[in-house]
Amino acid sequence: MKQVTEQQSVTFEDRRQNRDSNRPDGIGERRQFSNSYNSENQDVNELALAIDQYKLRHRRRFITFEELHSVVTGLGYHK
């Protein structure tokens, strides 16, 4: 028995190439802590903002523990 399947042409759209050049950097990027900037603890807000800025600067969606350590020590924290 021979089966015939139809193949549909699927066009892949790379949305990274279609960015609107009029938008400032960072608009539309996914950030992890964007809703956490309103914490009552200013240290938490500062850390969240520093992590999001690092991710935007290095075009990273997720960061490693080493990168997180770099952000934390960059803010002046030490053991």
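These are my notebook entries on a predicted model of one protein chain.

**Ground rules.** I number residues from 1 along each chain as its sequence is written, and I leave out hydrogens and water, taking side-chain values from heavy atoms.

**Overall.** I looked up the secondary structure and found two helices and zero strands. Helices (H or I, at least four residues) and strands (E, at least two) are DSSP runs, numbered from the N terminus. I then checked burial: 13% of the 79 residues count as buried. Buried means under 20% relative accessible area, exposed means over 50%, and partly exposed lies in between (1.4 Å probe, protein chains only). The chain exposes about 7700 Å², by the Shrake-Rupley method with a 1.4 Å probe, where for residues only the protein chains shown count as cover. Carbon and sulfur atoms supply 48% of that area. For contacts (heavy atoms within 4.5 Å), I took pairs at least 6 apart in sequence and noted that 34% of them join residues at least 24 apart.

**Helix 1.** At its start, a side-chain oxygen of asparagine 41 comes within 2.9 Å of the backbone nitrogen of aspartate 43. Just after the helix, I found arginine 59 with a positive phi of about 50°. The buried residues in helix 1 include Ala48, Ile51 and Tyr54. What do the buried residues of helix 1 pack against? They pack against helix 2 (65-74).

**Glutamate 67.** I next looked at glutamate 67, which is found in helix 2. Is glutamate 67 buried or exposed? It counts as buried because its relative accessibility is 13%. Leaving aside neighbours within four places in sequence, I list Tyr54, Arg60 and Phe62 as its contacts.

**Salt bridge.** I searched the whole structure for salt bridges (a side-chain nitrogen of Lys or Arg within 4 Å of a carboxyl oxygen of Asp or Glu) and got one. Which side chains meet in a salt bridge? Those of arginine 60 and glutamate 67 do, at 3.4 Å, N to O. Side chains of opposite charge can pair when their charged atoms come close. Arginine 60 counts as partly exposed, because its relative accessibility is 33%.

Key:
This is a predicted model: local features need pLDDT of at least 70, side-chain atom pairs count only at pLDDT 80 or more; totals for chains, interfaces and linings use all residues. A polar contact is a pair of N or O atoms within 3.5 Å; within protein, one must be able to donate a hydrogen and the other to accept it, and residues adjacent in sequence count only if both atoms are side-chain atoms.
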